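Hi everyone, thanks for making time this morning. I'd like to walk you through one model, so let me put it on the screen.

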Amino acid sequence: MEVSRRDLLKAAAALVVEQWATRRNFVLGNESKTRLGKVIVVTCGGIRREDTFSESGLTNIPHLSGNLQDQSIFYPLVRNAGVTSHYNTISSIVTGNWQRLDDWGKERPASPTLFEHLRKQMRLRPEATWLISSNKALTSQIGASSVRDFGPDYGANVMFPKQLLINAVVRAASQGRAVHSTDRRVVQPELEAMLNSDNYDGLGWNISGGTFSLDTPTLGVMQQAIDDLIRTNAPVTGDEFTFLVSTEVMRRFAPELLVVTFSDMEVAHFGSYSLHLVGIRTVDRLVSELWSMVQQLPSYKDQTTLFVLPEFGRDMDGSTTNGFFNHREDSVSTRLTWMLCLGNAVHKAQTIETPVEQTDLCPTIARLFDLNHLDVPGQSLPGLWI
Amino acid sequence: MNTVLCDAPERFESTTRESYHREITRLPLTMRPALNKQLRQWDDLFPFERSRLTGFLRGVESMTPSQLDRLTQPLRFLEARMDLARLGFSEDDDTMQNASLLARSPYYAQWRKEVQHVFAVIEDAAHSADTRTRDKGRLIFIVLPDTLPIRSLAAQRLWDSRGIEYKLDGAPQRVTELALAGASGLPALLAEESEAGTDNTRADCWMIDADARLGAVVGGQSPIPVTLLEYAALKEFRDRVLAQVNTVPKDIAATDQTLTAIRRQNWDAWWPPSLAGQNRLRSFVLELFLSGNGALIFSNAFVQWAASEALRRARPRMITARFGLRIRPKPFTSIAIFENQQKVSTLRDEDDPEGSAIDAQILARYIWLSTLRYSEKERTCCVCVAESSRSVYVIAPESQRPRWSADQAVPPEAIHEWMRSTLSE
């Protein structure tokens, strides 16, 4: 991505985070004074092993299979034994229990999330846990469970930056207006209306309480950033924007637990394999950049553990569910995936071929934070320094 | 073996319909939605589907209550554990809500196995296979036009261990012309073989095009009955349906309602002239668009998904699938790829030949893999012409394999002759 466009995206990301913080009375730069380490979990949609960690797939993941794997514990046999939809899978990962919820996020997870355990047991501030997602199948309900003694009071901040961009386009389209390089007046009202709307959940923003309005200068700068994006010839990816918002959150709040979910590769649902591969390559690059960011930020350097895992694979070629388009087949291709762990919890880079389940990640992170009394069926991942 | 195809009526007497409904109510809850939907949409079913449905229901009819109870008891037991009746499972229609309820159940995998088992046993009881059509040769003809840069099909993922790539000796476009045009073309051959005036004539020969070129090739002085679907010709209809689909809210039940409303809407003004009077084909296209899989978004996904659904629903003797180019994702608006890119962005469309070629190759292979799910595969051959590499990839059962040498270029005329022979045998 060209530098000027990325700078504009960065500016937009910074403004989004600032707006968020102002609304919630967060104090920017208010980093944790606890001695807890940091954990970042990156999940990345449906990706088949054959398109990643296989002889033919390595070309799509030069960073993950290169310098990142060289310093990681690599788990090649990670099983998703639950419902292979996005909302259920990510809910299962953050709760450690296989969730069986409405696929489109109407319900909160049925057991407490790591966010809630962490904030409740460690008495952490609201800024300590975040989930930042590209995936439009998720809703803000994912940030906290429906369990009585937990719930939204202990939940994560949930943000959907990609949805902000999408909604600007959709809104323009729905009103019969084309988005093009010179028509600033088209984009500005879309953003203004969305950001000032009461229906934040429809937009993906998890904002509770009363309404608020963006101040005009903030809105203007955001509009400028997006308007300049239109002018470039390179495609804008939603994951890029999600990444930039995530790094902005890291810089400003240094949360103890950050979950980022990427989804550009989900273009596979529309049947373009080439664009699906582009999505995989984007994630590969963004994870590498995220890890570089961890090394640069004093709040994260040498005290962070990063987990990277696809949510699931995709269906087999020739399946009745139409192969790579979907992820609902009860097959190895769909259920078996992989995971990389980097950073603090890794004392020896290695590949551990013991089969593990995605729900094992929750008790592992719980141990990293010294959390107790989690009612989860899984085991801590083998090989980590816990 | 019973040739049920002859017995599947064009129209029902109401008493017949009632008796079929009675048979459906004898089945476990989760088997009813698809059967009820098919019965309701009888007029829109292809001959193969009618034959299969009536055969299946006769199979149910042939079973005594105790036989059926014994067969379906494990499935009913699972359904009770899944608590579907309480959760609002619809027995009238295949809804997204139904699919979601099933998929998130911990018993889903067991349920799938059990349903497949029950269907298989009842179909066996019905002897519903149509041996007449199974005995005839079948052909998948795929065209990758010269706008798609393809080096070699054989070098890509394996389609079939029997596949052989041959170089072409002559203009690659000539293969398509010979195969489809005029009295010696394959559609004309199939039309001759079909019983004139029967429901099978069109349903036996499908042509699916990412652009709108095939119609002109096969057309001419005396129109030949084929089922022709051209993505470009469907543009107005597609745009309208896409706009409605994009109003679907983030709620499964509401989505079901929206899709039902789209099905009931009168779309007459937006269908292309080529589909005039073809209600069944119109229904097929609408269902195709509402079933996702990119058919509304990318022309190549449309070609693959239409071919795959045609194989499942109509089992035609020949499918011609011609792929094409898609545009490059546009800055900013491509983030909402599900939107009409021409409408939401005034930036000039730019073709993406490399990306389109990658898409077309995997989707062409998917069409072939679809054929392998059905028993007709034993008599099915495949010819895929990659015009840019001047090559043709051929898959055939041992008894029908062409006698060409793999290291010699093959003229289009020889390929045409062989294709004719695969359908004639």
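Let's start in chain B, where Arg17(B), Tyr20(B), His21(B) and Ile24(B) of H1(B) meet Arg32(B), Leu35(B), Asn36(B) and Leu39(B) of H2(B). Sorted by class, that contact has four nonpolar, two polar and two charged residues. Before I go on, please keep in mind that this is a predicted model.

How do the axes of these two helices cross? Helix H1 of chain B covers residues 14–25 and helix H2 of chain B covers residues 32–40; their axes come within 10 Å and cross at roughly 170 degrees. Anything over 145 counts as roughly antiparallel, so that is how H1(B) and H2(B) run relative to each other.

Now let's zoom out to the domains. The assignment for chain B gives domain 1 as 4–131 and domain 2 as 136–424. Taken over C-alpha atoms, the centres of domain 1 and domain 2 of chain B are separated by 30 Å. Their contact takes ten residues from domain 1 of chain B and 13 residues from domain 2 of chain B. On the domain 1 side, helix H3 (47–61) and helix H5 (96–103) of chain B each supply at least two residues. That side of domain 1 of chain B, by class, has four nonpolar, three polar and three charged residues.

Finally, a quick look at chain A. Its secondary structure comes to twelve helices and nine strands. How many of its 386 residues count as buried? For chain A the figure is 56%. And among the contacts in chain A with a separation of 6 or more, 71% are between residues 24 or more positions apart.

Thanks, and I'm happy to take questions!

Conventions
Residues numbered from 1 in each chain as written. Chains lettered and ligands numbered in written order. Predicted model: local features only at pLDDT ≥ 70, side-chain atom pairs only at ≥ 80, totals over all residues. Domains from an automatic or database assignment. Contact = placed C-beta atoms within 7 Å. Helix = DSSP H or I, 4+ residues; strand = E, 2+ residues; numbered from the N terminus. Nonpolar A, V, L, I, M, F, W, Y, C, P; charged D, E, K, R; others polar. Buried ≥ 20, exposed ≤ 12 C-beta atoms within 10 Å, placed from the backbone. Axes fitted to C-alpha atoms, helices over the stretch in contact; angles between N-to-C directions. Parallel < 35°, antiparallel > 145°, perpendicular 65-115°, else oblique.
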